[in-house]
Amino acid sequence: MNQTGRQAGGTHHLDSFLEMLFNTIPNPIFYKDRDGVYQNCNDALSKGILGIPKEEIIGRSLYEFPDLIPKEFADIYYKKDQELFETPGTQNYEGKVRCAKGEICYYNFYKATFLSDTKEVLGIVGVMLDISDYKKTLKELDDKNLTLNRLSITDALTEVYNRRYFEDIFEKKLNLLNRHKQPFALMIIDVDFFKDFNDVFGHQLGDVALQKIAK
């Protein structure tokens with residue numbers, strides 16, 4: 001085999017390797033031209049996101065998949081693409097994606113403009129990172145923090161605000177009322193002979209009585 005033949009064979013193997021690597025990467029990858037038309041993508045995008053063969057994606061734009069890409073999502077992607085075309089460089093943002101199974105997932109988009117030798121923008125290369133589990137964990141932490149905060153300022157039995165909350169909020173509310181010259185009243189209610197009630201009817205019914213009084 002002559003030198004030219006060896007070079008052609010090496011180029012073929014390199015192309016095959018790059019194609020295999022491209023499709024093995026679990027993150028969705030795509031390349032769009034200056035008109036926003038897909039020129040290539042890997043299996044993670046075609047199968048995992050859109051759920052169709054890549055041959056049906058290449059040569060088409062975002063808005064040509066109305067059953068797969070909700071318009072409100074497509075509008076966001078299109079706007080971001082235009083921003084990157086107008087200001088070439090890199091771009092990173094978080095967005096919602098409807099995946100092949102119909103579920104809504106969260107992805108970080110990492111995109112960059114692809115330039116010619118004359119610095120003309122030819123298109124956009126993009127990589128997507130699934131952050132759905134991270135977003136779910138954040139939401140769970142937020143929910144737990146809200147629950148803990150509510151428990152810290154609430155009486156467990158009656159579910160009314162406790163003294164800690166009263167002391168935190170009373171002065172602030174009073175200052176606000178004074179600043180706006182609003183009237184203010186404070187009422188303290190004492191439950192008479194409550195110990196006698198507990199002694200006669202028991203603490204369980206006493207708790208019920210307190211809950212009803214609080215309501």
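1. The charges come first: the chain has 28 positive and 33 negative charges, and their mean positions are 3 Å apart. Lys and Arg count as positive and Asp and Glu as negative, while His and the chain ends are not counted. Each charge is placed at NZ of Lys, CZ of Arg, CG of Asp or CD of Glu.

2. This is a predicted model, in which local features need pLDDT of at least 70, side-chain atom pairs count only at pLDDT 80 or more, and totals for chains, interfaces and linings use all residues. Residues are numbered from 1 along each chain as its sequence is written, and side-chain values use heavy atoms, with hydrogens and water left out.

3. The mean pLDDT of the chain (the predictor's confidence in each residue, from 0 to 100) is 89, and 93% of the residues score at least 70. Confidence is lowest in helix H1 (residues 3-24), with a mean of 65, and highest in strand S3 (residues 90-98), with 95.

4. Seven helices and five strands make up the secondary structure. Helices (H or I, at least four residues) and strands (E, at least two) are DSSP runs, numbered from the N terminus. Read from the N terminus, the order is α-β-β-α-α-β-β-β-α-α-α-α.

5. How does the radius of gyration of the chain compare with that of a compact globule of 215 residues? The chain has 31 Å, whereas the globule would have a value near 17 Å. The radius is taken over C-alpha atoms, and the globule rule is 2.2 Å times the number of residues to the power 0.38. The C-alpha trace spans about 105 × 45 × 35 Å along its principal axes.

6. Of the 215 residues, 26% are buried. Buried means under 20% relative accessible area, exposed over 50%, and partly exposed in between (1.4 Å probe, protein chains only). The accessible surface of the chain is about 15,600 Å², and carbon and sulfur atoms hold 57% of that area. Areas come from the Shrake-Rupley method with a 1.4 Å probe; for residues, only the protein chains shown count as cover.

7. Among the contacts with a separation of 6 or more, 36% are between residues 24 or more positions apart. A contact means heavy atoms within 4.5 Å.

8. Helix H2 (residues 43-50) contains serine 46. The buried residues of H2 are Ala44, Leu45, Ser46, Ile49 and Leu50, and they pack against strand S1 (29-33), strand S2 (38-41), S3, strand S4 (104-115) and strand S5 (121-130). Serine 46 has 1% relative accessibility and therefore counts as buried. Leaving out residues up to four places away in sequence, serine 46 touches Cys41, Gly51, Ile52, Pro53, Lys54 and Ile57. Just after H2, glycine 51 has a positive phi of about 70°.

9. Leucine 84 belongs to helix H3 (residues 71-86) and is buried because its relative accessibility is 2%. Beyond residues up to four places away in sequence, leucine 84 touches Gly89, Thr90, Gln91, Lys111, Ala112, Thr113 and Ile124. Leucine 84 and lysine 111 are 27 residues apart in sequence, with 8.3 Å from C-alpha to C-alpha.

10. From asparagine 108 to asparagine 162 the sequence separation is 54 residues and the C-alpha to C-alpha distance is 42 Å.

11. Tyrosine 165 sits in helix H5 and is partly exposed, because its relative accessible area is 23%. Tyrosine 165 and leucine 148 are 17 residues apart in sequence and 14 Å apart in space, C-alpha to C-alpha.

12. Two non-glycine residues remain to be checked for phi. Glutamate 159, in the loop between helix H4 (132-152) and helix H5 (163-179), has a positive phi near 65°. At 63% relative accessibility, glutamate 159 is therefore exposed. Phenylalanine 193, in the loop between H5 and helix H6 (194-201), has a positive phi of about 55°. Phenylalanine 193 also counts as exposed, because its relative accessible area is 66%.
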